[in-house]
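Dear colleague,

Please find the structure below, handed over for your work. A summary of the findings follows it.

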Amino acid sequence: NSGVGVHYQDGNSLLRILKQSVSSSSGRLSITSYSDPRTARIQVEEFDESDQSRVKDLEEKVPLLNAFLEELEGKIQSFSNKVGSSTKEETKQKEDRAALHEEEYRKVSKEIQDEDAKSLTGYNILLLYADDWSHHTLSSFHKNATTKPILQTPMLDALAEDGIRFTHNCVTTSVCWVSRATLFTGQYMSRHNTTEPCCWSGMEKPRGGMKDAPSNWKELSVYELLAKHGYYVGHAGKWGVYMPWPKNVAFSREEDGWHYRQMGDKVWHITEKNEADALRFLVTRPRHRPFFLNVAFYATHALDHDSRQYLPQNKSMSMYVDDVVPIPATGTDEAWKKMPYFFDEKNEGRQRWRKRFQNNMLHQSMMKNYYRMASEVDSACGAILEELRRQDALDNTFIIFTTDNGNFHSEHGLADKWYPHEESIRVPLIIRDPRMKEETRGTTNDAFTLNVDLAPTILGAAGIPSPEMFMGRDISQLYLTRSAYHTWRKEFFYEHPPSKPDPHTIPASEALVRKDYKYMYWPNYDYEQLFDLVKDPGELDDIFNSTDPDVVSVRNEMKKRFTELKKLVKSNERVTL
């Protein structure tokens, strides 16, 4: 572990920030750094006009949560009308399904052998799963910077201070549906074979929509395995792919592809709806069973076909007004011209760049709205964690925050994701684990963790063995044992399919990723690149054709290793990568 401990003073930082966020009406929450960069503390300062929106948002959480508790006592009839009107027949169907799930749970519980039951931890598992967050879309990422970060995510920062933040967490394919399929199955894209979505965001997902989904999805899904072992399984938010195993998801509220929508008498923002559905799950869950809940936020995903792209909540519009968002060092025309020859104005990433970042005024507007939506997710995470605290369940809950893929914010003259560059493949990962030692809390770890590791990590927290076809590792080994860091992977294979029907708009890409070098291969054009990430962290200067003997040696060795890993990933061998 190469992390440096960064702790809040005076005890449990997450509990303290949660308590202050819902009880303080005379001050604002701030994180103040001191001369020692390894320490920080929370202090309450007098707030000014610019803080009114944030304070109001936090104050609203108390009556919201109280309302949920009251609705529980009344069998939440009024709430069901609020989140989407239900007929008496639909209500009866929901009650019947709940009874069926409970009956199945009792039946399955009897089938689990005593030796298996002994390994179960009983921990609740909460996955906070955002959309399109790059690795620096966290204010804690910038905590050692010389200037104060613009983006503010205090709730997630506090979660990191009570857990561990992984600085080199990456995805094996940077796009929504593939990354989610990897979460569900614990496999690379080449194994789970979800190379394209069954449909685009918000559209109907017909039962036969994913005709190419392999039959072993059902047996491999982390949802099914948790349900089999007695977990009450819930999903609130974006699925991303059609689910071929819905019967063991006791609670499912899918929201995808919109930012604002009228439901009944209320106009909802999708992050509000994600938060409300998560709270509803927590309030109505059976307390005698451990739960797994994936809160799959749609934010900060853009509305790709809306010229405004990012639509935050009105109450957030006062945030970041006076800030100036810096243009990335590689967000230049020169960087765009250094991209491979087949990256032209028809490239999808370039087309989206024109919608979001082609001039400074547009860049400022888009990034501020992106930051507002990220801060809204942060606030929603705080409300969800506060509900766990109110239920006295926080310290018995294994918590993960991460996201499906990264995002270009004008780097290399691009927007969105797909390609093997750092902005696209590196994403946040925070874990708060009841098993974690005190000295581990508040540290960082620079091991290569991957989204293929999420499924075995979740099952490991439950005490459930991973299926042999899972391809990742249990991340908890990195902080629960001393030796795991030294034997952990030092490289990984990356893959992304081409767009259809025209691969020119999003060309297929593959890579061998290390911390010092990155080898990229573009299959549609048989084009190769090599970058020295130590000397060139912005991945601007391709050294593949260098005649320097040291570079030639690195290139040849990486090409050989790339071929080996690619062959393993695309084979049917049972392998842990």
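The axes of α6 (residues 154-161) and α14 (residues 360-390) cross at roughly 55° and come within 7 Å. Axes here are lines fitted to C-alpha atoms, for helices over the stretch in contact, with angles from 0 to 180 degrees between N-to-C directions. Helices (H or I, at least four residues) and strands (E, at least two) are DSSP runs, numbered from the N terminus.

The model is predicted: local features need pLDDT of at least 70 and side-chain atom pairs count only at pLDDT 80 or more, whereas totals for chains, interfaces and linings use all residues. Residues are numbered from 1 along each chain as its sequence is written, and side-chain values use heavy atoms, with hydrogens and water left out.

From α6, Pro154, Met155, Leu156 and Leu159 meet Asp378, Cys381, Gly382 and Leu385 of α14, where contact means heavy atoms within 4.5 Å. This contact comprises 6 nonpolar, 1 polar and 1 charged residue; Ala, Val, Leu, Ile, Met, Phe, Trp, Tyr, Cys and Pro count as nonpolar, Asp, Glu, Lys and Arg as charged, and the others, Gly among them, as polar.

Helix α14 also packs against α13 (residues 348-356), at an angle of about 95° and with the axes 8 Å apart; the two are therefore roughly perpendicular. Arg354, Lys355 and Arg356 of α13 make this contact with Leu362, His363 and Met366 of α14. By class, it has 2 nonpolar, 1 polar and 3 charged residues.

Arg372 also lies in α14. With a relative accessibility of 7%, Arg372 counts as buried (under 20% relative accessible area; exposed is over 50%, partly exposed in between; 1.4 Å probe, protein chains only). Leaving aside residues up to four places away in sequence, Arg372 touches Pro312, Ser316, Met317, Met319, Tyr320 and Val321.

Turning to the strands, an open antiparallel sheet of 4 strands has the order β16-β17-β18-β19, two strands being paired if DSSP finds at least two bridges between them. β16 (492-496) and β19 (527-532) are at the edges with a single partner strand each, so one side of each lacks a neighbour in the sheet. Between β17 (residues 509-513) and β18 (residues 517-522) there are 4 bridges, and Glu510 stands opposite Tyr521 in β18. Helix α19 (residues 549-570) lies across β16, β17, β18 and β19, at about 115° to β17.

Yours sincerely

Note on methods. Angles under 35 degrees count as roughly parallel, over 145 as roughly antiparallel, 65 to 115 as roughly perpendicular and the rest as oblique.
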